[in-house]
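The sequence and model are shown first.

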Amino acid sequence: MSEETGCCKRAGPGYATPLEAMSGPREAILYVNCIYNGTGRNKPDFLATVDVDPNSPTYSKVIHRLFMTYIGDELHHSGWNACSSCHGDPSVHRRFLILPSVASGRIYVVDTSKNPKAPSMHKVVEPEDIVEKTGLAYPHTSHCLASGDVMISFLGDKHGNAKGNGFLLLDSEFNIKGRWEKPGHSPLFSYDFWYQPRHNTMISSSLGAPATFTRGFNPQHIADGLYARHLHVYSWPDGELKQILDLGDTGLTPLEVAISVKPLKVKNWILPEMPGFITDFLISLDDRYLYLINWMQGDIRQYNIEDPKNPVLAGQVWVGGVIQKGSHVFAVTEDGKTWQTDVPEIQGHRLRGGPQMIQLSLDGKRLYVTNSLFSSWDRQFYPELVEKGSHMLLIDADTEKGGLKINPDFFVDFGAEPDGPCLAHEIRYPGGDCTSDIWI
């Protein structure tokens, strides 16, 4: 039976519709994956709880750290055990945060319900068990399913070969059920994924061989065919690979695909052109705006997509990047002039790295941003990020006229951690993270 809770009736986790979710409560805390793997600091990764309540005395501070039980994990794309996919089931509760570790192959399950501000470890799924039962390694993205299961994409086998990729299913007790896709229906490469049950479809993106990208970026590996350029269309929920979409040479490493970003002509860089490297994007719950981040070039963009076939750039803000002023890399115009981007300081801090992961508030007015991609890539493209640590920013979004602006009152400095500077990656918040939910 539904339970009256605030503005709506709850019959399970999440919300009945995206528009209903927009009236949900304002976020008070965030969970952030923080990485020591690959930084040279022999510490385990941890899950940080960040206070984002502007009326709190600890606003914009880390108020709790849950350290993982091993060293060398590299926490990556987290997800919930239950979301709006399970809204119609009152027996299901959004309680556990799933933390895949792309380097070690380990999966952590964290209990956030006992004390949301200080979550605790619930279970660890060991990589040896996963390899033995499924052959999968290098876990990446975790999503909850309407069945109560959890599905996680894996990027390869234990040797780092991309051909071993696939999808793992965990049951509601986080026991290994097996692989989701039908036998013989794994493409050459894998990465992220999303399902749409109304259309009986799941689409996955692609990156490259784990043995390749975990060592950093080498342009020769593109010529060698070790990076992907495809999207994959599966039938849902039965896991049959129905179609492979080849994006061509302009669609290399399609991590998150939505809108094309033009490459920039540059000097003093590893290539003559710097591509638009879109590492994360999301759509507001009312389907009005799409937000994307451009990790190398350094900007965050807001597009009005009310006409889906004609997206219009409504807001743009520079928060880092390789070509910011003070860098040795310059962008070059068609007539040969050089330029660099103006990136402001926030609370006296020079912004390091480039925007990498984003999370949007339910009402669509606040966009939280971190800046670590993967430790080996961070070290290669933004060595200062590894040396001095990540930060998290808050971008205020104008949902009426469009526009983006850095909030000067919010700055989380992960370079000031007690155990040394760390790298901040995925962002989640409890109870209302419906910008990553699926509605049936």
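## Terms and basis

A residue is called buried when its relative accessible area is under 20%, exposed when it is over 50%, and partly exposed in between (1.4 Å probe, protein chains only). The model is predicted: local features need pLDDT of at least 70 and side-chain atom pairs count only at pLDDT 80 or more, while totals for chains, interfaces and linings use all residues. Residues are numbered from 1 along each chain as its sequence is written, and side-chain values use heavy atoms, with hydrogens and water left out.

## Salt bridges of Arg-366

A salt bridge requires a side-chain nitrogen of Lys or Arg within 4 Å of a carboxyl oxygen of Asp or Glu; the count by this rule is 21. In one of them, Glu-27 pairs with Arg-366 at 2.6 Å, N to O. Glu-27 lies in the loop between helix H1 (18-21) and strand S3 (29-35) and Arg-366 in strand S27 (residues 366-370), so the contact ties together parts 339 residues apart in sequence. Helices (H or I, at least four residues) and strands (E, at least two) are DSSP runs numbered from the N terminus.

Both Glu-27 and Arg-366 are buried, the latter with 8% relative accessibility. Arg-366 also forms a salt bridge with Asp-363 at 3.3 Å, N to O. Asp-363 is partly exposed, at 25% relative accessibility.

## The Asp-419 and Lys-43 pair

A salt bridge of 3.9 Å, N to O, joins the side chains of Asp-419 and Lys-43. These residues are 376 apart and link distant parts of the chain. Asp-419 is partly exposed, with a relative accessible area of 32%, and Lys-43 is partly exposed with a value of 32%.
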